Each structure stands twice: as C-alpha cells, then as structure tokens.
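This briefing is meant to be read beside the sequence and the 3D structure. It begins with a single residue and then moves through the rest by topic.

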Amino acid sequence: MTLRGRTRWEYHPVHDDREDEVLDELSEEQLAAGPMPDTPEAGDEPIEPDPEEERRAQQELLRVEAELNQRWGETKIAPTLKRITALLNMMGEPHATYPLIQIAGTNGKGSVARMVDALLTRMGLRVGRYTSPHLQVVTERISVDGSPVSASTYVDAYADLLPFVSMVDEARAADAPRMTKFEVLTALAFSIFADAPVEVAVLETGMGGTWDATNVGEAQVAAITPISRDHVEYLGSDVASIAKEKAGVIGKDGVAVLAEQDPEVLHVLMERAVEVDATVARAGHEFGVLEREKGVGGQQLKLQGLGGVYEDVFLPVHGEHQAANAALALATVEAFFGAGPDRQLVVEAVREAFADLALPGRLEPVRGAPTVLLDAAHNPHSAQALAATVDTEFAFRRLVAVIGVLDDKDAHGILEAIEPVVSDVVVTRNASPRALEPEALAEIAIPIFGEDRVHVHPRLDLAVESAVALVEHTEDPEEPLAGGGVLITGSVVTAGEARALFGKDPA
C-alpha cells in the first residue's frame, strides 16, 4: 500500500526481505531532526511548592476526588465529544495552544507514553503527559517536566475549571448524563498544560479512541500499541470492532505509527489511514527492533528508526514487549520531528533518554531477598507478556504470585497466563470497590493451579507476607533460600497499592 501524507520515509525491512519502492526522499540536508538537546543550566530547577501549602492542598485533593467520584466512572463510555468540546470552547480551547501526540491501543500505552515523554524532554522540549489510570495518586495522571503536578496545581486548576463544568452540566438534556469524571480530568490536563505552558502534550487515551475525551483535538502523530480484546462490554466482542474504535485517533493528514498487529486489526487501521490521508509507519517495516540482548537490569537494543539505525541503546526494563514499545516510541518522536532517511534524532540523546527511563509498576523491583516485583498486567494479553518475560529473563528458584483482580476483568485468562511460571498463587483483593473478592478469585484459580497451590488472604499486606513466607519455606535444610521471588500483579490498582506498601513515592 502506498503511504500517503506530508512526510515520507525510506523503507527499512526488519523482519522480512521483501522489496518495496523507495519513498520520496526528504529535501532537507543531512542534519538532526528536531531541536538539539538542552544542557541543564543553573536556575533551571523547578520551584518547589511551599510544604505547608502542599499539605493543605493534599487534604483538598481528597475532597476533589470524592466530588469527581460522584460522576460517571471511567468504565462507562458516553459516546459523544459534544460535552468535552463545549467545555473546552468555553475555556478558550487550551488544547489548541500546543501540538498533540496521541497514544491508543490495548496494552503498553502507559509505557509508550512515558518513553515518548522521556525522548521529547531529552530533545529539549517542555512536555505535558496525560495518562490513566494512576498507580497511587491521581496527580500522577497529569505530568509536566516528567513529574506529576503538585496537589496545589491540581486543586487550583480544578477550582478554575468547575464553573465551566457546571455550565455544561446545566445545559444538558434532562435524560443526558453530567460530564464524566474522565472528561473533567481530560479538560483539567489540557488547562494545566496550557498554563505551564508545555511545548507538546502526550495523551494516552482512556478506554477507546473515536469517542475518547482525549480525541477532541487533532493529533499530529497517533501511535497505536498492540490491540487485543479488552473492555468488550463497551468496545465490542471482536478485535476488528475494537480496532475500529481505537483507529479513530488517527487524524486527517496526520501520521499513524503502528505497532505489530493481528492482520485483521492492521487492515482496519490501514483503512482508517487511507480514509483520512494519513502517513503510515509500521513496526516490522519502516521501524522495529533489529537486535535485543538480555542483560542485568534491562536489555541492550539496536533499533531501526525512521531516520536510521540507533545502536547501543540500553533500556532499563525487561521484556521483548518493552523493546517493541521502545521502537514504537522512538518512531513516534521521529515522526513528530519529521525524521527521514537523511534526518535522524541525536543518537546520544536517544541513548540517554532510554537509559534514564523509569516505568513504575512495570516489572518494577521494590525489594530484595526475596526479590519482590510489581507489574500492572490486568488482562490476558499483558499477563502473557509478563509471564514470557519472567520465564526467559529471570531465574527464580521459586516464584509466588500475589494477584488481585477487578471484577470486570478476565481473571481466568490472567491466572491461566501466569500459572506456568509460578509455584503458588496468593489471591487477594485491592481497595477498589470493583475488586473481585478473594474467595471468588480462588474459585477461578483452583481449577487452574490445583487446590494445594492456591492461598487466600483478604488484605494485600497479609497476602504479600504469606507469599514471602512461602518463598522462604523449605523442607530441605540444604536448599538455599536465595533465588526466591514474589510477583504482585493482576491490576493497576493492586500494583499501585503495593508500591505504597513498599514506600515508593508516586511517579
């Protein structure tokens, strides 16, 4: 298929030797795409909020969250952009004051968003990042300069926003819902980014795409992570329907950067790209992972980008899926800067951005002896990627999983994916009102693991203690205790609560 749009790249085969036409070369001279990376100077450090003011704001933040929770939650889709559009119009369209990069898909969106943020920041731009859900504190969803905004920034922006939200609520039809929580949070992020001000905003969609509140603006680049079945009650029961909804983030005359997809998903995405005259870059064709070497604390990569090859890239997280996410993020940033065969990002800046990357809740180590890892896998596809990484990149003598799942998720699929790589499972619940009760989770787990391998604890802290005891228990006095591990997973909420339990700050 001929690639269409404003920017074209040379074809670089990654997984096959098929020949393709050489796309039109960019006319610019050979030079780095985008701005040169900034060198921090004295006085560049952000001003820290007053501690006393921040303590008061933390209390106010709890009130704001309680107020927002009275609205439709984020598991309910209101299929219209009219409310968010009306709100932003009254606010002066803050989202139109900076370029947008949109990230949609089923799995890996949060990781890709953080990678894109890190690359753009290292290239010298001030970046706003909007992601969901959060791990520990709601302010994590709105990030400026790579860090969550302060509680005072959040509550002050909400106070400014509330009169406009009330106007939209009052103008609705009698049988129509008020603005949803996600719509309000999205407008809040747009407002905070405009006030910062940021030079680019990286937006992770919520549940869908076409009707997602983040899709109210025209994204310059849309990155699509792997699409699989999730939220079927809202997005459709087959992957083609889900893909059609998520493809809506590909904007007219924009750039679509696509992770490797099932053929039927790719067909839907390409149809959308042709419909809106978007340029397309595909993993395995225009970009991808050329080489991957597993190592201590991460992996060494050789990446094919739109602008050429990037060698000696160290990624401080494990997993083949994270290597693929890195390639997708790199191509997304290249597309944003207009990289091509003769214009490449500054290679050393790319290396530095990836080397300093932190991905909270993604196979994150929070303790040693025994090793305790956190992962926010919350559907079968992400659990399969997690299990494959554990199997190929770790060598645990014994690994016990602590799992807490939300009741609208495929608990059976998650447990089935994890079973081959763990010796026992401790089922528990997190603090979410949507949490599946431990007894119900145990009923699902026992046919998969066998009764002897399933343990039940009603609280996460007790479940972790039980898992540590199981790892350290041995009937053979000669058996070494070293090499045991605990894996806490099953939900973003479970991973977030575990981070707090182990004293990790929100990030």
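L266 is found in helix α8, residues 263–275; helices (H or I, at least four residues) and strands (E, at least two) are DSSP runs, numbered from the N terminus. The model is predicted, and local features need pLDDT of at least 70, side-chain atom pairs count only at pLDDT 80 or more, while totals for chains, interfaces and linings use all residues. Residues are numbered from 1 along each chain as its sequence is written, and side-chain values use heavy atoms, with hydrogens and water left out.

**L266 and its surroundings**

- L266 has a relative accessible area of 29% and is therefore partly exposed; buried means under 20% relative accessible area, exposed over 50%, and partly exposed in between (1.4 Å probe, protein chains only).
- Leaving aside neighbours within four places in sequence, L266 is in contact with L258 and Q261, where contact means heavy atoms within 4.5 Å.
- From C-alpha to C-alpha, L266 and P226 are 9.8 Å apart in space, and they are 40 residues apart in sequence.

**The chain as a whole**

- The protein chain has 15 helices and 17 strands.
- Of the 507 residues in the protein chain, 54% are buried.
- Among contacts in the protein chain with a separation of 6 or more, 75% are between residues 24 or more positions apart.

**Nonpolar cores**

- A nonpolar core is a set of buried Ala, Val, Leu, Ile, Met, Phe, Trp, Tyr and Cys residues joined through side-chain atoms within 4.5 Å.
- The largest nonpolar core has 49 residues, and those with the most contacts inside it are V116, L120, F287, F337, L345 and F354.
- Helix α9 (residues 320–337) gives the largest share of this core, 11 residues.
- F354, with neighbours within four places in sequence left aside, is in contact with M115, L119, L303, V313, F314, L315, P316 and A326.
- A second, separate core has 40 residues, including A57, Y98, V168 and F190.

**Packing of α4 and α5**

- Two packed helices are described by the angle between their axes and the distance between the axes.
- Helix α4 (residues 151–171) and helix α5 (residues 181–195) pack at an angle of about 115°, and their axes are 10 Å apart.
- Axes are lines fitted to C-alpha atoms, for helices over the stretch in contact, and angles run from 0 to 180 degrees between N-to-C directions.
- On the α4 side the contact is made by T153, Y154, A157, Y158, L161 and V165, and on the α5 side by V184, L185, A187, L188 and I192.
- By class, this contact of α4 with α5 has 10 nonpolar, 1 polar and no charged residues; Ala, Val, Leu, Ile, Met, Phe, Trp, Tyr, Cys and Pro count as nonpolar, Asp, Glu, Lys and Arg as charged, and the others, Gly among them, as polar.

**Aromatic pairs**

- A search of the whole structure finds 4 aromatic pairs; rings of Phe, Tyr and Trp (its six-membered ring) pair if their centres lie within 6.5 Å, and planes under 30 degrees apart count as stacked, over 60 as edge-to-face and the rest as tilted.
- One of them is formed by Y98 and F193, an edge-to-face pair with 6.3 Å centre to centre and 75° between the planes.
- This pair links distant parts of the chain, 95 residues apart: Y98 is in the loop between α2 (82–90) and β1 (100–104), and F193 is in helix α5.
- Y98 is buried because its relative accessible area is 6%, and F193 counts as buried at 0% relative accessibility.

**Cis peptide bonds**

- S132 and P133 are joined by a cis peptide bond with omega of about -10°, and P133 is in the loop between β2 (127–130) and β3 (142–144).
- The peptide bond from A196 to P197 is also cis, with omega near -15°, and P197 lies in the loop between α5 and β5 (200–204).

**Positive phi**

- D145 is not a glycine, although its phi is positive at about 60°.
- The place of D145 is the loop between β3 and β4 (147–148), and D145 counts as partly exposed at 40% relative accessibility.
- D277, a residue other than glycine, has a positive phi near 60°.
- D277 lies in the loop between α8 and β8 (279–282) and counts as partly exposed at 26% relative accessibility.

**L62 in α1**

- L62 lies in helix α1, residues 51–68, and is exposed, with a relative accessible area of 56%.
- L62 and V155 are 93 residues apart along the chain, and their C-alpha atoms are separated by 9.7 Å.
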